[in-house]
Every structure is written in C-alpha cells, then in structure tokens.
Amino acid sequence: MNRLWTPAWIVRHVAMVVLVAGCLGMGWWQVTRAAGGNAISFGYAIEWPVFAGFVIFVWWREVRQTLRAADPASAPTEDTAPSAGPAPSVTAGTPAVRRPVRVVRVPSAPADGADDAELAAYNSYLSWLNANPGARPGDYPG
C-alpha cells in the first residue's frame, strides 16, 4: 500500500476527489436549475454524476493495476501460465502490455504486374502523368 502514497499518487488521489466533488456539485447545480423550470437541465443533472462515476472507475482501475503489477503473488506461475507460449516477464511497476508484431507479407502476384495487363496499363498511365506534371489526364497518348 505504500506505493499508493508516492507524490504522483497523492496528486492522483487529490485530483480524483476534486473532480468527483466538482462533477457532483455541477450535477446539484443542474438539479436546482431544472427545478427552476429549465427543462434541458434535467439531462445535465443526470450527466454530471455519470462523469463522476467515470472518474471513480478510472481511478479504481489504475489503483488495481498498480497493485497487481507490483504484487509478486499475482504473477502467473508455470502451472497457471497459458500453454500458448512463455509468459512475458513483468518487472515491478511496469504494466504487462504487449507490443504489436509486424508481419512481413509476401505478395501473391509479381510486383511488376506482368500477369495483369490492366494493372500494367494503369502503372504506365501513372508514370506518364508523373513524367508530365502539367499535363491533363485527357492528354494521355495511350
């Protein structure tokens, strides 16, 4: 629990309390406006507490993620690890986020378009347009 009382976490806790209090205060203000006859304020009176709930949800999720990342007892063991491959190594304080893997794809057709006459004609047209920057598409001789 000491890792939740660092200066950065104290700022997060204070920000959460201020945001929730502000959202609930704005919700109460909209309730009083709605009671005064402003019909649109009924929607805002519902919206502001939802915002406060979202702030609490994000704060709680971040607290749980921090506690899980630093807890060695919650790390997967060899018995509980999935059989798809080795478990990623996680150091304390580092979230277990996997980076996307780039896959090199081999084209199924030749890159020069030799077996597609339409593609070869279009590439010829594009190269002509590139060679003649001031020309209009109607000026193409092919």
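**Reading the model**

Modeller: Gladly! Let me start with a pair of side chains: those of Gln30 and Ser41 make a polar contact at 2.9 Å. This is a predicted model, in which local features need pLDDT of at least 70 and side-chain atom pairs count only at pLDDT 80 or more, while totals for chains, interfaces and linings use all residues. Residues are numbered from 1 along each chain as its sequence is written, and side-chain values use heavy atoms, with hydrogens and water left out.

Biologist: Why is the pair Gln30 and Ser41 called a polar contact?

Modeller: A polar contact is a pair of N or O atoms within 3.5 Å; within protein, one must be able to donate a hydrogen and the other to accept it, and residues adjacent in sequence count only if both atoms are side-chain atoms. The value here is 2.9 Å, so the pair qualifies.

Biologist: What makes Gln30 buried?

Modeller: Buried means under 20% relative accessible area, exposed over 50%, and partly exposed in between, using a 1.4 Å probe and protein chains only. Gln30 has 6%, so it counts as buried. Leaving aside neighbours within four places in sequence, Gln30 is in contact (heavy atoms within 4.5 Å) with Ser41, Tyr44, Ala45 and Trp48.

Biologist: And how do you know whether Val18 and Val50 are buried or exposed?

Modeller: Val18 has 54% relative accessibility, so it counts as exposed. Val50, at 52%, counts as exposed because that value is also over 50%.

Biologist: What makes a nonpolar core here, and which residues are in the largest one?

Modeller: A nonpolar core is a set of buried Ala, Val, Leu, Ile, Met, Phe, Trp, Tyr and Cys residues joined through side-chain atoms within 4.5 Å. The largest has 5 residues: Met16, Val20, Cys23, Ala52 and Val55. Helices α1 (7–35) and α2 each give two or more residues to this core, with the largest share, 3 residues, coming from α1. Leaving aside neighbours within four places in sequence, Val20 is in contact with Ala52, Val55 and Ile56.

Biologist: How much of the protein is buried?

Modeller: Buried residues make up 12% of its 142 residues.

Technical notes: Helix = DSSP H or I, 4+ residues; strand = E, 2+ residues; numbered from the N terminus.
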